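Welcome! Please take a look at the sequence and the model below, and then we will walk through some of its parts together.

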Amino acid sequence: MGARLRLVINTLGMVLALTLLGILLLVSSGGDDRQQRVIDHTLRELRELATAMQSEAVTADGLELDPSDRFRALELAFDNAVRVLDGQADTMVRSDDGPLRGAREAALTLFNALDQSAHERLRPAVLSDRLAAIGDGARGLGEDVRAFSAEQRAYLIERDQILQEGRELVRQLRQRGLDAAADGTFAGLQQAEDRIRRTVGSDAGPVAATLQRLREVTIPPAPLRQARADLIDRLDGLLATRVATSGHLARIAASSLPERIEELRESVSRDYLYVLRSVSDARVLLNVYTLMLVLILVYFGIRLQRSNRWLNRSHTLLEERVRERTQELQDAYEELQESQVQLVQAEKMSSLGQLVAGVVHEINTPLLYVMNNTDMTRESILEVRRQIEPVLDTLRSTIDVDALTENLEEVTALTTDSAEGLNDIDTLVKSLKDFSRLDRATYDRFDVRDGIEKTLTITRNLLKYGIEVERDLREVPEILCAPSRVNQVFINLITNAAQAMDGKGVLKIATYADGDGWVHIEIRDTGCGIPEENLNRVLDPFFTTKPVGQGTGLGLSIVRKIMDEHGGKLTIDSRVGVGTQITLSFPVDGAGELGADNPEAEAA
């Protein structure tokens, strides 16, 4: 009975210890402030933009300014902040469904169960709803701002036109000697414009009275009376525009969005500080708990000294298992490296596969006319034989010397054509061979101009149907490098440029050297360009803007890796709709892995 009770007590103690450890681990693993920082930054930016919009609207109304240009910049930033806020709201909703999140929240609640000062948590769902509400309010404010901007602009344009036409009417009245009518009209127009400007809400009584007095001004000429009537009608329209503008302005000025945003910021900050304090306390307790476990282990270690031999044996077994696990990790790491190499090779083979299709196309044309010329050569030789056979049969017959000469010349010409076709094939084969550098050392002195020319020969099938290639290959020193790797850079960049131009455009390639031991290659295309938001990502592995199945996203990643291996530099300058320029810079004497692995690099 006593042994069973001890077993139950030990089991309960272990369960409680493990539960406490789990709670401490779950609580101490929190405190990630990345999302909180994003939300805080976005809310602060949104509050500042909302306040700026309110201030700009009041200023524009008070000074009678056209706020379109200023509002345009504010609206762009405002809309972007609203989109970020909407994204954070969606993220909060998704993150609230995870089991780990639920377990951490439960652990945090248990950990602070005895804390009387603990405040009510801002749950992700509640925060998401409040963020969504802020987003709706921001969109409403944005709509009022856009409406106010449009109405204010329309109001100012219409007012200036009315005043200009009013001055013209007053001038015509004075020309006709109707000074009293001119003075009355001028005063009425100025007073009507002033009262319209001061109109707030729908209080149009003063304006109506002013317009009535303007109608009562005596103007004998009928055309001028009609002009005055038109101006009065337009003043009525201007009043309606002003009323609409003042309504939008009132809603903008009365918006409590900045205060609501600040209130939510304070709630988020309080909640984060609460979590941060809990995490800090949990980590302290976890350290204490760990220390207690260490003391317990020391205690049991002392008690188990009599079993030293068994412990040594266990230790030996443990070391063996560690070695086995280390070997397994090493094998896994080597397999990972091999997989990486295979991925790189797969990308290279993918590029070479495209080029092989081009090479086959280029080989096919000369091969066809070599075959045709061979057939015609055979026919010509048969004709020669028919001409010579009578000579063999009867010596007294006469040989057609002209026909024989013509046939022999035709045979010669066809043979020449065949040789030219075979030379084209030989050129392509040599270019492909020189490109891959399979018959040369891994590291060597290399003329980048030769590599560019060989690459252009191999990729001719991608360029010859509408892409004009402009070369400015100035004389440069040979660089110490792995030629096949550098050729891979050229082929990836030229292939990308051809695809970006969709078969039509101008490809410019230039080489030059500076006095500091660097060789530079510029490759510029007139293709679609790279969006600014993608410029920092195009060199990342597996990033591609091509449709699924048409690109692995490793092309530019491989280029960057090769440039890093050679201690080189790569810069990208691109504009959408204009094109892209990529500049490659290589040290003449090599660097990086190249310099470490090659004796010639050390000598250089």
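## A parallel pair of strands

Let us begin with strand 2 and strand 4, which covers residues 505-513: the two run parallel and are joined over 7 bridges. To find this pairing in the viewer, look for E470, which sits opposite K508 of strand 4. Please keep in mind that you are looking at a predicted model.

## The sheet around them

These two strands belong to an open sheet of 5 strands, laid out in the order 2-4-5-7-6 and with mixed pairing. Strand 2 (467-473) and strand 6 (569-575) are found at the edges; each has a single partner strand, so one side of each has no neighbour in the sheet. On average, neighbouring strands here are turned by 10° against each other, direction ignored.

Which helix lies across strand 2 and strand 4? It is helix 14, residues 483-501, which also lies across strand 5 (518-525) and strand 7 (579-587). Helix 14 runs at about 150° to strand 4.

## Strand 7 and its two partners

Strand 7 pairs with strand 5 in the antiparallel sense, over 8 bridges. Here V519 stands opposite F586 of strand 7. Strand 7 is also antiparallel to strand 6, with 7 bridges joining the two, and T571 has T583 of strand 7 as its bridge partner. A hairpin is formed by strand 6 and strand 7, with 3 residues between them, and G577 in the turn has a positive phi of about 85°.

How many residues of strand 7 are buried? The count is 9 of its 9 residues. Both faces are covered: one side carries G579, Q581, T583, S585 and P587, while the other carries T580, I582, L584 and F586.

## Helix 6 and helix 7

Now let us move to some helices. Helix 6 (residues 179-198) and helix 7 (residues 205-216) have axes that come within 9 Å and cross at roughly 170°. Angles over 145 degrees count as roughly antiparallel, and helix 6 and helix 7 are therefore roughly antiparallel to each other. Their crossing is left-handed.

On the helix 6 side, the contact is made by G184, T185, G188, L189, Q191, A192, R195 and I196, and on the helix 7 side by P206, V207, T210, L211, R213 and L214. By class, these residues divide into 7 nonpolar, 5 polar and 2 charged.

## Helix 6 and helix 8

Helix 6 also packs with helix 8 (residues 222-254), at an angle of about 15° and with the axes 9 Å apart. That angle makes helix 6 roughly parallel to helix 8. Helix 6 passes helix 8 in a right-handed crossing.

This contact brings together L189, A192, I196 and R197 of helix 6 with L231, L235, L238, L239 and R242 of helix 8. It has 7 nonpolar residues, no polar ones and 2 charged ones.

## The protein as a whole

Stepping back, the protein has 17 helices and 7 strands. Of its 604 residues, 35% are buried. Among contacts between residues at least 6 apart in sequence, 77% join residues at least 24 apart.

Conventions:
Residues are numbered from 1 along each chain as its sequence is written. This is a predicted model: local features need pLDDT of at least 70, side-chain atom pairs count only at pLDDT 80 or more; totals for chains, interfaces and linings use all residues. Side-chain values use heavy atoms; hydrogens and water are left out. Two strands pair if DSSP finds at least two bridges between them. Helices (H or I, at least four residues) and strands (E, at least two) are DSSP runs, numbered from the N terminus. Axes are lines fitted to C-alpha atoms, for helices over the stretch in contact, and angles run from 0 to 180 degrees between N-to-C directions. Contact means heavy atoms within 4.5 Å. Angles under 35 degrees count as roughly parallel, over 145 as roughly antiparallel, 65 to 115 as roughly perpendicular and the rest as oblique. A crossing is left-handed if the near helix is turned anticlockwise from the far one by less than a right angle, and right-handed if clockwise. Ala, Val, Leu, Ile, Met, Phe, Trp, Tyr, Cys and Pro count as nonpolar, Asp, Glu, Lys and Arg as charged, and the others, Gly among them, as polar. Buried means under 20% relative accessible area, exposed over 50%, partly exposed in between (1.4 Å probe, protein chains only).
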